[in-house]
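Me: I am new to this structure and would like to go through it step by step. Could you look at it with me?

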Amino acid sequence: MNFRFLLELFVTWFKLGLFTFGGGFAMLPLIEKEVVEKGWATRDEILDIMAISQSVPGAIAINTAIYLGKRMAGFVGAIVAAIGVISPSVLVILAIAVYFVQFQENLYIMKAFSGIRAAIAGLITATAIRVASVNFHSKIAMTIIIGSLALNLFTSVHAAWIILLGAFVGYVVYHYLPNYK
Amino acid sequence: MIYWELFISFFKVGLFTIGGGYAMLPLIQQEIEAYQWITTQEFIDILAIAEMTPGPVAVNTATFVGYKSAGVLGSLLATTAVALPSLIIILLLARFLEKYQEHPIMKAVFSGIRPAVAGLIGAAAIFIIRNTLFVVNGGTSLGLPDLRAVLIAIAVFIAVRYYKVDPIKVIIASAVVGLIIF
């Protein structure tokens, strides 16, 4: 096992863990930047992996790290990526629990955090528009995009069901409309 | 044995919550109430802290509860426990998916999943915009937009969409700008 590669894997996931605020899809722009540019996975593969991570038990960031780590460097890679993505949270929370319980009332932290929250809004919007436009290639795909957006926004249907519904539509189209592109 | 109880409880949290994030909170709260590891006020504190610190909410909460109830060893144990189900499930799943990823049915299924995820990301963006750029009155009705936050969000959007700036640098810069203008 290549130690330098494992170190790079660890550092990459440590960075992703350190700069992911809000969790879930908010980490997608960062993963794309770090993982796609290194050639570890394509954008489509990352979407697939995040869909899987969202549909099975566990935290999405950890699931995604384990899946990609496993693909890059087997079982050891999965463990290294998982420890990498978890470590920043553990260190920050331990520091807060030990030294600084009034953390959330600190004025400077609140100000910096207001900036970060606004940045996350801009980041996820850019990612959402790009991913939607890439997938806007057929009437059926457009219907799935708008339908799943509306279901998630206006009903309490769990995201995992929405992903399963997309999978079902994908299968039905394949089965009954084999020439549909 | 508090270590064993912590481990089992957070293993359950990792195993029985799908979708991560705040979906995990009801189960975490249930386990905390059953064992009285931390007070209700501490639980409310950790939710505020988890939101403002990096990383998955599940990990933040597990680390905090583990430390408060059983020190550093407790925090490491609770965090390992919450991640362990993911490791088992994802490794099994990865094996299956790698074996069948070229199968036409698998490709068809993912051709339906990708637009569904695109829609979910769109919904996440709308949800985050609503909760960060607008002053929400009492959690229900929308208030006026916070112009400073809107400006940061627009600048970030342009920087990453048109100039391909590294998201991590953008987050750091926004924290600094936030310190100055808020």
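Me: How much area do chain A and chain B bury between them?
Reply: This is a predicted model. In it, chain A and chain B bury about 7,800 Å² between them, and 79% of that area is on carbon and sulfur atoms.

Me: Which residues of chain A lose the most area to chain B?
Reply: They are Pro57(A), Ile93(A) and Gln104(A), which together account for 8% of what the chain A side buries.

Me: And how many residues are in contact?
Reply: On the side of chain A there are 89 residues in contact with 81 residues of chain B.

Me: How many salt bridges does the rule find across that interface?
Reply: The rule finds four salt bridges between chain A and chain B. Asp48(A) and Arg114(B) meet through their side chains in a salt bridge, at 2.7 Å from N to O.

Me: What about residue pairs in polar contact, how many are there across the interface?
Reply: Twelve residue pairs are found in polar contact across the interface of chain A and chain B, with both residues at pLDDT 80 or more.

Me: Which elements of chain A give two or more residues to the side that touches chain B?
Reply: The elements are α1 (3-19), α2 (28-37), α3 (43-55), α4 (60-99), α5 (107-135), α6 (139-154) and α7 (159-176) of chain A.

Me: Which one gives the most?
Reply: That is α5(A), with 25 residues on the side of chain A that touches chain B.

Me: How do the residues on that side divide into nonpolar, polar and charged?
Reply: The side of chain A that touches chain B has 61 nonpolar residues, 18 polar ones and ten charged ones.

Me: Staying with α5 of chain A for a moment, where is Met110(A) found?
Reply: Met110(A) is in helix α5 of chain A. With a relative accessible area of 40%, Met110(A) is partly exposed.

Me: Which residues is it in contact with, neighbours within four places aside?
Reply: Met110(A) is in contact with Gln104(A), Glu105(A) and, in the other chain, Met52(B).

Me: New topic: how many aromatic pairs does the structure hold?
Reply: Over all chains, the structure holds ten aromatic pairs. One of them joins Phe5(A) and Trp40(A), which are edge-to-face, at 5.6 Å centre to centre and with 65° between the planes.

Me: Where do those two residues sit in the chain?
Reply: Phe5(A) belongs to helix α1 of chain A, and Trp40(A) lies in the loop between α2 and α3, so the pair links distant parts of the chain, 35 residues apart.

Me: Is Trp40(A) buried or exposed, and why?
Reply: Trp40(A) counts as buried because its relative accessibility is 8%, and the cut-off for buried is under 20%.

Me: Why is the pair of Phe10(B) and Trp37(B) stacked?
Reply: Their ring centres are 6.4 Å apart and their planes stand at 20°, so the pair counts as stacked; planes under 30 degrees apart meet that rule. Phe10(B) is in helix α1 (residues 2-16) of chain B and Trp37(B) is in the loop between α2 (25-35) and α3 (40-52), 27 residues apart. Both Phe10(B) and Trp37(B) are buried.

Me: Which residues do ring pairs link into a cluster?
Reply: Trp4(B), Phe7(B) and Phe11(B) are linked in this way.

Me: Back to charges: how many salt bridges are there over all chains?
Reply: A search of the whole structure finds 13. Among them is the one between Glu34(A) and Lys15(A), whose closest N and O atoms are 3.5 Å apart. Glu34(A) is in helix α2 and Lys15(A) in helix α1 of chain A, 19 residues apart.

Me: How far apart are Glu37(A) and Lys33(A) in helix α2?
Reply: They are four residues apart, so about one helical turn separates them. Glu37(A) and Lys33(A) form a salt bridge, with the closest N and O atoms 3.2 Å apart. Glu37(A) is exposed at 57% relative accessibility, and Lys33(A) is partly exposed at 22%.

Notes:
Residues are numbered from 1 along each chain as its sequence is written. Chains are lettered from A and ligands numbered from 1 in the order in which they are written. This is a predicted model: local features need pLDDT of at least 70, side-chain atom pairs count only at pLDDT 80 or more; totals for chains, interfaces and linings use all residues. Side-chain values use heavy atoms; hydrogens and water are left out. Contact means heavy atoms within 4.5 Å. Buried area is the accessible area (1.4 Å probe) that two parts lose on being put together, summed over both. A polar contact is a pair of N or O atoms within 3.5 Å; within protein, one must be able to donate a hydrogen and the other to accept it, and residues adjacent in sequence count only if both atoms are side-chain atoms. Ala, Val, Leu, Ile, Met, Phe, Trp, Tyr, Cys and Pro count as nonpolar, Asp, Glu, Lys and Arg as charged, and the others, Gly among them, as polar. Rings of Phe, Tyr and Trp (its six-membered ring) pair if their centres lie within 6.5 Å; planes under 30 degrees apart count as stacked, over 60 as edge-to-face and the rest as tilted. Buried means under 20% relative accessible area, exposed over 50%, partly exposed in between (1.4 Å probe, protein chains only).
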